[in-house]
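Welcome! Here is a short briefing to read alongside the structure, grouped by topic.

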Amino acid sequence: MDTSHSAPPLLQARGLRFLRNDEPVFGPLDFSVDAGEALLVQGGNGAGKTTLLRVLAGLLRADAGEIDIDGRRARAADRSRAIAYLSHLPGLKADLGALENLDFLTGLQGRRRAQSAEAALAIVGLAGYEDALARQLSAGQKKRLSLARLWLSPAPLWLLDEPYANLDLEGIELVNRMVQAHLRSGGAALVTTHGAYAAPPVRTRMLVLEKAA
Ligand SMILES: Nc1ncnc2c1ncn2[C@@H]1O[C@H](COP(=O)(O)OP(=O)(O)OP(=O)(O)O)[C@@H](O)[C@H]1O
């Protein structure tokens with residue numbers, strides 16, 4: 001018997017709204033994503049996609065609304081344990097090597113057991129770059145290093161802001177394989193995109209943000 005329908009969504013937002021200088025950026029929004037699903041957050045430039053992910057990640061405070069994780073109200077501090085946020089800025093330490101960056105970030109954010117930083121670098125195509133300084137990596141290599149950090153994260157909910165930016169075709173396929181594997185192992189992902197999107201074949205919901213008038 002399939003009991004998955006009785007489980008609460010991994011993430012549920014109700015009446016979520018964000019204002020900047022008293023002007024609405026988005027919302028009120030109602031959406032949810034289940035374990036095993038992707039939520040595609042679409043909208044043009046300035047529609048509020050990054051702002052929404054930053055609110056969910058607890059980096060900005062919503063003006064109204066509620067966020068539940070696994071059926072329980074989750075304030076910003078609770079959410080940080082459940083969420084891994086891939087920003088479109090890489091968030092790397094420029095003067096540390098690739099491996100040192102991973103050790104630093106997993107030291108802050110925890111690590112999935114049975115995953116080594118070296119293995120994660122190999123998965124994202126950076127074997128041989130262990131000691132390369134982050135500032136010497138290309139934009140696409142930095143994105144790959146951020147993907148290795150994501151791969152090591154124990155968090156079930158991935159927030160991916162423009163994950164394909166700066167990646168070549170093989171990198172795009174890498175992101176899709178990672179998302180597929182993460183969803184298969186019971187995770188979920190929110191993915192922002194402008195529209196042109198090489199979506200992985202996974203169960204997908206859509207959330208379209210309109211630019212506030
Ligand atoms: N730090 C900031 N200070 C003031 N306004 C901001 C700031 N960051 C974003 N905004 C404004 O908030 C709105 C939403 O921006 P946001 O970055 O969330 O859009 P987006 O959908 O991610 O856009 P893009 O596709 O261009 O990345 C825009 O009007 C933007 O100008």
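Strand 1 (residues 11–20) and strand 2 (residues 23–33) run antiparallel and are joined by 7 bridges. Strands here are DSSP runs of E with at least two residues, helices are runs of H or I with at least four, and both are numbered from the N terminus. Two strands pair if DSSP finds at least two bridges between them. This is a predicted model, in which local features need pLDDT of at least 70 and side-chain atom pairs count only at pLDDT 80 or more, while totals for chains, interfaces and linings use all residues. Residues are numbered from 1 along each chain as its sequence is written.

**Strands**
- F18 stands opposite F26 in strand 2.
- The hairpin of strand 1 and strand 2 has 2 residues between the strands, and N21 takes a positive phi near 50° there.
- Strand 1 also pairs with strand 4 (residues 64–69), in the antiparallel sense and over 5 bridges.
- R14 has E66 in strand 4 as its bridge partner.

**Around the ligand**
- The residues surrounding the ligand include R20, V25, H194 and K49 (C-beta atom, placed from the backbone, within 6 Å).
- Helix 1 (residues 49–56) gives the most to this shell, with 3 residues.

**Nonpolar core**
- The largest nonpolar core has 57 residues, and L121, A148, L159, A189 and L190 have the most contacts inside it.
- Helix 5 (residues 139–152) gives the most to this core, with 6 residues.
- A nonpolar core is a set of buried Ala, Val, Leu, Ile, Met, Phe, Trp, Tyr and Cys residues joined through C-beta atoms within 7 Å, where buried means that 20 or more other C-beta atoms, placed from the backbone, lie within 10 Å of the residue's own.

Conventions:
A residue is buried if 20 or more other C-beta atoms lie within 10 Å of its own, exposed if 12 or fewer, and partly exposed in between; C-beta atoms are placed from the backbone.
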